Every structure is written in structure tokens, then in C-alpha cells.
Amino acid sequence: MPELPEVETIARGLASRVTGDVIESVWLGSKPEPLKSKASEIVATLESKRIAGVRRVGKHIVFDLENGGRASSPVRRKARQKPSSTVTPRSTSAQWIVHLGMTGRMLVCNPDQAIEKHTHAVAKLASGRELRFVDPRRFGRLSVARGFEAAGSEPLEVDLNSFVLLFRGRKTPIKSALLNQKLLSGVGNIYADESLFRAGIRPRRRAASLTRQELSQLFGTVQQVLKEAIALGGSSVSDYVDAAGEEGLFQLQHRVYGREGEPCLVCKTPIKRLVIAGRSSHYCPKCQK
Ligand SMILES: [Zn+2]
């Protein structure tokens with residue numbers, strides 16, 4: 001499943017390819033699962049809109065849309081543009097939101113490229129290219145919204161004080177708290193385990209029992225782990241968004257995740273695995289307290 005770093009990479013790749021392009025028409029498949037908003041609403045929101053930008057919010061890809069897409073000459077378009085100081089706040093513009101689920105991909109294709117099986121949406125762009133949403137397992141979701149924001153804090157933007165406050169008084173294991181999307185948006189299982197290992201904190205510790213020093217450590221390692229993964233992904237953007245590419249292979253060198261029974265890379269103690277709230281958690285019993 002794509003995690004925050006992958007989604008960030010994909011959103012950047014899409015942003016560099018389709019920002020400024022105009023969605024001329026939209027085709028949606030007949031499978032109901034991928035559509036979180038009504039089909040008619042998705043079509044009405046997307047058609048004739050200019051893609052003002054593409055960004056990641058939590059684990060969602062958000063296309064910011066603006067009016068004035070179709071049939072406007074460059075001159076008229078310019079005349080209609082607002083001065084930059086009064087740009088409409090993001091919260092009032094429409095957005096196309098894509099969640100990739102387990103196997104979803106967003107491809108930028110030339111129209112002559114064969115439509116892959118499991119294609120659930122095709123947006124024809126004024127540039128002649130197509131944005132295609134392909135998802136064999138259909139856990140991905142397409143929706144439209146206004147003022148979409150993730151429920152939790154953005155882990156790469158939150159400051160230390162706010163981060164510390166998120167966990168104050170929480171009796172749940174710190175691992176569960178890290179995965180709680182209402183607290184932090186987009187930290188997945190692998191990155192939670194890796195961050196806790198680097199911070200020297202056991203996943204089962206109650207969040208409320210962590211000292212400010214420990215939370216400060218964790219604040220640093222969560223950002224470090226996510227940024228490293230994003231940096232690794234930067235080189236394989238095309239694998240995610242170009243139709244010809246296979247799924248990207250970038251992956252953080254896992255220090256604990258998926259290494260049950262293998263020696264800790266720091267102290268050689270066998271890595272342990274336990275299940276917390278239904279999710280596998282991996283840790284070193286010596287390095288993590
Ligand atoms: Zn160790």
C-alpha cells in the first residue's frame with residue numbers, strides 16, 4: 001500500500017506533469033467501489049477545470065481545480081486571472097481527491113496507449129494526454145470536495161510543541177497513537193516502526209508515559225524517516241505516473257520492519273514482533289525502552 005512518502009512522490013510527479021492542463025472530459029467506469037462521490041458530481045466538478053496544482057494531503061492526492069478551463073484564449077484567460085494577492089483560498093476551490101488504496105495508480109498517458117484492465121476513470125486533458133486511474137483491487141477512492149483537509153496534523157509540517165501535545169494524556173500504545181490518522185495524518189505501519197526504533201522507544205509504551213525528551217526524539221525520527229523515504233522516491237517518480245513504468249521500487253532500508261528474528265543492525269539482538277491493534281509491530285528489545 002502506498003504510504004506517505006510514496007504518495008508525496010506520486011503527487012510531485014503528477015504536479016510536474018499536469019499542472020496548468022485543463023480537464024476537457026471525464027469517463028468513469030461502471031464499478032461502484034472506486035467512486036466515493038457520485039459519478040455525476042465527479043464529472044461536473046472536473047470537466048472544464050484547470051488543474052491549478054497537485055499536492056499530497058495525508059495519504060491523499062489532491063488536485064486543486066479552478067474555473068475557466070475551456071475555450072478561453074490566452075488573452076481572455078489572463079484578463080480573468082486574479083492578482084496574486086487575492087488568490088482564492090484553497091478552501092473555496094474545488095478539489096479532486098484520489099486515494100490509491102492498495103493497488104491504485106494514477107497514470108499520465110498518451111491517448112494511443114492501450115487502456116489497461118481495471119481502469120476506472122479517464123480524464124482527457126487539453127494537452128492531448130489522459131489521466132487514467134487504474135486499480136485492480138478497487139480499494140482506491142475517487143471523490144470531489146471543497147476545502148478538503150486531512151483530519152490530523154501533517155507530520156512534516158507540525159512543530160515540536162504541537163507534536164508533543166498530540167500525545168499528552170493518551171493511554172494507548174505510542175504505536176497506535178502514531179497510526180491514529182486523527183492525530184498525525186499519513187504515518188503508516190512501516191514508518192511508525194522505523195521511527196520508534198530510531199527514537200529508541202518500544203511500540204507498546206503508553207503514549208502518555210513518554211517524556212518530552214522522548215517525544216522530541218520521536219518528532220525528529222518521524223520526520224527523518226519520512227524525508228529519507230521521499231528523497232529515495234524522488235528518482236523513481238516516473239515509475240509511478242507514467243503508463244510504461246512498473247510500480248516504483250524505492251524503499252527505505254528497513255531496520256526493524258519485517259525483520260522478526262533477524263539480528264538488530266545496532267546490537268545484534270533478534271528483532272521481536274508483536275501485534276498492536278491488529279498491526280504487526282517490530283522492535284529491538286535492547287535498543288528500544
Ligand atoms: Zn538493538
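**Exercise 1. Determine how Phe163 and Phe167 are placed in helix H4 and how their rings are arranged.**

Step 1. Phe163 and Phe167 both belong to helix H4 (residues 160-167); being 4 residues apart, they are separated by about one helical turn. Helices (H or I, at least four residues) and strands (E, at least two) are DSSP runs, numbered from the N terminus. The model is a predicted one, in which local features need pLDDT of at least 70 and side-chain atom pairs count only at pLDDT 80 or more, while totals for chains, interfaces and linings use all residues. Residues are numbered from 1 along each chain as its sequence is written, and side-chain values use heavy atoms, with hydrogens and water left out.

Step 2. A search of the whole structure gives 3 aromatic pairs. The ring centres of Phe163 and Phe167 are 5.0 Å apart and the planes stand at 65°, so this pair is edge-to-face. Rings of Phe, Tyr and Trp (its six-membered ring) pair if their centres lie within 6.5 Å; planes under 30 degrees apart count as stacked, over 60 as edge-to-face and the rest as tilted.

Step 3. Phe163 has a relative accessible area of 1% and is buried; Phe167, at 0%, is buried as well. Here buried means under 20% relative accessible area, exposed over 50%, and partly exposed in between (1.4 Å probe, protein chains only).

Step 4. Ring pairs also bring in Phe219, which forms a cluster with Phe163 and Phe167.

**Exercise 2. Describe the zinc site and its donors.**

Step 1. The zinc ion is coordinated by the SG atoms of Cys264, Cys267, Cys284 and Cys287, at 2.2 to 2.4 Å. Donors are N, O and S atoms within 2.8 Å of the metal (3.2 Å for Na, K and Ca); water is not among the atoms, so sites may look incomplete.

Step 2. The angles among the 4 donor atoms are 100 to 112°, and the site is tetrahedral. For four donors, this term requires all angles to lie between 85 and 135 degrees.

Step 3. Along the chain, the donors follow the spacing C-x2-C-x16-C-x2-C. Cys267 lies in the loop between helix H8 (237-241) and strand S9 (272-276), and Cys287 in the segment after strand S10 (279-283), so the pair ties together parts that are 20 residues apart in sequence.

Step 4. Cys287 is partly exposed, with a relative accessible area of 25%.

**Exercise 3. Give the strand order of the open sheet and identify its edges.**

Step 1. The 8 strands have the order S5-S7-S6-S1-S2-S3-S4-S8, with antiparallel pairing. Two strands pair if DSSP finds at least two bridges between them.

Step 2. Strand S5 (105-109) and strand S8 (141-146) are the edge strands, each pairing on one side only.

Step 3. S5 and strand S7 (residues 130-134) run antiparallel and are joined by 5 bridges. Met106 stands opposite Phe133 in S7.

**Exercise 4. Locate two residues with positive phi that are not glycine.**

Step 1. His118 has a phi near 70°. His118 is found in the loop between S5 and S6 and counts as partly exposed, at 32% relative accessibility.

Step 2. Ala277 has a phi of about 50°. The loop between S9 and S10 holds Ala277, which counts as exposed at 68% relative accessibility.

Technical notes. Four donors count as tetrahedral if all angles lie between 85 and 135 degrees; four count as square planar and six as octahedral if opposite donors are over 155 degrees apart and all others between 65 and 115; anything else is irregular.
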